[in-house]
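User: I am new to this structure. Please walk me through a few helix contacts and pockets, and explain the terms as you go.

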Amino acid sequence: MKKLTFMLVLLATGCAQQAQTPKPTALAPLTKESGGVMPQSQKDLHFAKAELHWKILPQQKALEGHAVLTFTAKAALNSMSVDLDPAFAINAVSLNGIPLPKARWQNPDGRLRIHLPATVAKGEAFDIGVDYAGKPHVAKHAPWDGGFVWSHTPDGQPWIATAVQGEGCDIFWPCIDQPTGEPDVAELFITVPAPLVAPSNGVFLGVTEKDGWRTYHWQVAHPNTYAIALNIGPYQKLQATYRSRFGNSYPMDFWYLKGEQKQAEVLFKEFPKQLGFFEQMIGPYPFANEKMGVVHTPHKGMEHQTINAYGNDYAQSIFGYDSLLQHELAHEWFGNQLTNVDWDDFWLHEGFATYMQPLYAQYLWGDMAYDAQLYPIRAGIKNIRPLVSGHSQTEEGVYDEKRGPGQDIYAKGAMLLHTLRGYLGDKVFFNALRELVYGTQTPEPGHFKPRYGTGKEFISIVNKLSGQNMQWFFDAYLYQAKLPALASHREGNTLYLAWRQTAHPFPMPVEVMVDGAVHTVKMPGGRGQLTVGNAERIQLDPHSKVLKDEPHFAVYQAWKKAQKDKAQAKKKAKQSDK
């Protein structure tokens, strides 16, 4: 990797201050959606480094930014592009520190297109500087609706956070807004009014203070693009060192607000327990050379790499752990260490991370807790669309039930893994997860890097480790909307079983309980039979090992929706009366 050939030294208080701040507008279509088909003007770039300077102005709810982006050309380039919300006014764009004429760059729609003054040769490194300023998009309901959260602590001090998963990094910095758009390294300079604190991603490199402003310096390797985060407030910190089962150690840090120390200390005690679980079941914490960090935010939470956002109000649970903290920590493995190549495989992030909650409950308390957590997950599956469409998707497109699977990436993805684990057994199942996450079944700290993965790769891994062709399994659960349905009928002493609603034969074995005794029925070609004699009590799949169509869940969902619609209509009628 070539080093920067030239680096601007202007901070965000320099050129960006001179830009005119535009009035806030609705998000441009390109900014609103993250991912999709990557333009050639970005495919030809290797993103080596993002140096990002931000000055945050809480009273104005505004941001002044200066970015130096280092790329290496993967092909000869005459033009290139990055993504940035067009609500920001761009004051200047430079190439290797030399300002480019305005005619050579445009950003009318959220894609900053730059026409280079001369061809950049394949393999050549170059820097793009961007000075910009404006009022970043405000989240209406973070993290579900992304953007900036401008809030205040109980004593009136600024409390600010970003959460931009759906819309992507271009909401507040010029980037390649794609899952595969990660820079090799990002260096962050966050300037805030003193004495506010600005915890962020990666390793803390120091803080400077001048004229009432503090600048915090952070550096993070291979950051997931939407996981670069701003967190600003009057924070206090708990810190300790975690000593791993793999022989290494790393910092655990929790930034919390004044007055929360008692609750924070209780939550902080969960950190090593949860890390121990993940390291035992999956493998080494991926970012041990940086930190395991958590920050209390004015929104619910988000998997911001090494600085997970937590806003669960220190909730207590019958399962004895904070499930939001655990879910976001799971994303350090499933989302940040392993990143889907395309949002069409978003279930690799959310399905796997969701399954970690019942798995952790089982790890702590046993099978009753595991089953209790799985049941409401199963009740949430809607089966509107397949989990995977087979074509490039945006993150918003996956979440939108008119276009994608919506919340099924969580629930159906998790139940798919529950079924797969039961079929493969723990050894093969966890080895497959480990290889998907690290690229090896024997990961060692310091000997792996974040990687990109796909559902097809996971299928190949499962096939290899199981010694079987498991395509029938994934065809039924990933590539069709309906779940397999188990039909049964009894003729005399024989019970006949058949799998329905699958495009191909579905040879999933089924347990059958006959008067209290459990039998496993093999289903070659999707059919099987069992001699049951004159049994009085027969129950199919008594331990719910197989994800299948069960109509009572759809009945419940329809009733729940009707209740919600009725409540909304009643509320609307009351408002009309007023």
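Analyst: The model is predicted. Start with a contact between two helices: Y370, L374, I377 and R378 in helix 8 meet A411, A414, M415, H418 and R421 in helix 10. By class, the residues of this contact are 6 nonpolar, 1 polar and 2 charged.

User: Is the crossing of helix 8 and helix 10 left-handed or right-handed?

Analyst: Helix 8 and helix 10 cross in a left-handed way.

User: Which residues of helix 5 and helix 6 meet?

Analyst: E270, F271, Q274, L275, F277 and F278 in helix 5 meet L325, Q326, L329 and A330 in helix 6. That contact has 7 nonpolar, 2 polar and 1 charged residues.

User: Now the pockets. How do you know where empty space is left?

Analyst: A probe the size of a water molecule is rolled over the atoms, and this shows where empty space is left. The largest pocket has a volume of about 890 Å³. Its lining takes in 30 residues, with W144, H327, T354, Q407 and Y410 nearest the centre. Elements that give two or more residues to this lining include helix 6 (323-330), helix 7 (347-365) and helix 10. By class, the lining of the largest pocket has 12 nonpolar, 11 polar and 7 charged residues.

User: Which helix gives the most to the lining of the second largest pocket?

Analyst: Helix 14 gives the most, with 7 residues. Helix 8 and helix 14 (551-577) each supply at least two. This pocket has a volume of about 390 Å³.

User: What makes K382 and D565 in that lining count as charged?

Analyst: Both K382 and D565 line the second largest pocket. Lys and Asp count as charged, so K382 and D565 belong to that class. The lining has 4 nonpolar, 2 polar and 5 charged residues.

How values were computed
Residues numbered from 1 in each chain as written. Predicted model: local features only at pLDDT ≥ 70, side-chain atom pairs only at ≥ 80, totals over all residues. Heavy atoms only, no water. Left-handed = near helix turned anticlockwise from the far one by under 90°. Helix = DSSP H or I, 4+ residues; strand = E, 2+ residues; numbered from the N terminus. Contact = heavy atoms within 4.5 Å. 1 Å grid on protein atoms, 1.4 Å probe; cavity = no way out; pocket = protein on both sides within 12 Å on 5 of 7 lines; lining within 4 Å. Points joined across faces, edges and corners; volume = space filled by probe spheres on them.
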